[in-house]
Amino acid sequence: MGLTDENKRMISWCYREWKKEFLSWLGKCYEELSREDVEDAYQEAFVALCENVASGKYEKRASCSLKTYLFQIGINKTIDRLREKGRDIDVPRLEDLLFDVSGRDERVYDVVARMSSPCRDILFAFYWDRFSLEEIACQLEYKDAAVVKSQKYRCMRKVADLLRKMGIVNQ
C-alpha cells in the first residue's frame, strides 16, 4: 500500500518545516559537529521517523509531538555517531542533585551509565539530553510527566546513595 498524495505533501512539509530548526538546535548542542554531520543526522532521523510511523512503532500522544519525536531520534543518532567515531561527548553536569557535584561530573556520569533502566534512560534523557519530563514520558512510554518526575526522584536518590557508598559525597 503506497502513500497518498496528501501523505506525501505532509511528509514534504514536515521535512522542510523542521529542518532549519533541527540543524540550528543540533549545531548548538554539539558545536564539534560539522555542518555535514548535522545534516546527515537530520536525514537519518527523518528516515527513521517515517519508518517508525509507517511500522506503527510511533503512536501519537498528547504529551509528545511528532516533531519532538524527530528531535529525540536525531540526538540519539548523533550520540551513537559520535561514540562510533571515538569522540568525546560534552556532557553537562547533573544540576539537580541534592548535593554539590562540582568537579565530579565524570564520576556521576559513570554511576548513571552503570544503572539499569529505567533510571539510566530517564536521567540521561533529562540531564544530559535536556529533554522535558513530557518528552521523556512520550519516549519511554510513561503515562505522563508526573510519573516520570516521581521515577526521576527515586533514581536521584539511588545515585546519591551510590555516590555516598563510593565516598564521593558526604551525608
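**Entry: W18**

I looked up which residues W18 touches, leaving out those up to four places away in sequence. The list is Y42, F46, L49, L66, K67, L70 and F71, with contact taken as heavy atoms within 4.5 Å. The model is a predicted one: local features need pLDDT of at least 70, side-chain atom pairs count only at pLDDT 80 or more, and totals for chains, interfaces and linings use all residues. I number residues from 1 along each chain as its sequence is written, and side-chain values use heavy atoms, with hydrogens and water left out.

W18 lies in helix α1; helices (H or I, at least four residues) and strands (E, at least two) are DSSP runs, numbered from the N terminus. W18 counts as buried because its relative accessibility is 9%. My cut-offs are under 20% relative accessible area for buried, over 50% for exposed, and partly exposed in between, with a 1.4 Å probe and protein chains only. I also checked W18 against L70: they are 52 residues apart along the chain, and their C-alpha atoms are separated by 9.1 Å.

I find K19 partly exposed, at a relative accessible area of 27%. From K19 to E39 I get 8.7 Å, C-alpha to C-alpha, for 20 residues in sequence.

N52 sits in helix α2 and counts as buried at 14% relative accessibility. Beyond residues up to four places away in sequence, N52 touches K57, Y58, Y69 and I73.

**Entry: second largest pocket**

I noted a volume of about 430 Å³ for the second largest pocket. On a 1 Å grid over the protein atoms alone, a pocket is an open set of points where a 1.4 Å probe fits, with protein on both sides within 12 Å along at least five of seven lines, and lining residues have an atom within 4 Å of a point. Points are joined across faces, edges and corners, and the volume is the space filled by probe spheres set on them.

Which residues lie nearest the centre of this pocket? They are N7, I11, C50, V53 and L66, out of 14 lining residues. The elements giving two or more residues to this lining are α1 (5-29) and α2 (35-55). The largest share, six residues, comes from α1. I sorted the lining into 13 nonpolar, one polar and no charged residues. For that sorting, Ala, Val, Leu, Ile, Met, Phe, Trp, Tyr, Cys and Pro count as nonpolar, Asp, Glu, Lys and Arg as charged, and the others, Gly among them, as polar.

**Entry: helix α5**

Helix α5 (residues 119-128) is largely enclosed by the rest of the structure, because seven of its 10 residues are buried. I list these as C119, I122, L123, F124, A125, Y127 and W128. Just after α5, R130 has a positive phi of about 65°.

**Entry: helix α7**

Helix α7 (residues 145-165) has 21 residues and spans 30 Å from first to last C-alpha, close to the 30 Å expected at 1.5 Å a residue. The N-terminal end of α7 is capped by D144, with a side-chain oxygen 3.1 Å from the backbone nitrogen of A146. I found buried residues along α7, among them A145, V148, C155, M156 and L163. Just after α7, G167 takes a positive phi of about 75°.

**Entry: whole chain**

I counted seven helices and zero strands. Of the 171 residues, 37% are buried. For contacts between residues at least 6 apart in sequence, 62% join residues at least 24 apart.

Conventions
Expected span 1.5 Å × (residues − 1). Polar contact = N/O pair within 3.5 Å; in protein donor to acceptor, adjacent residues only side chain to side chain.
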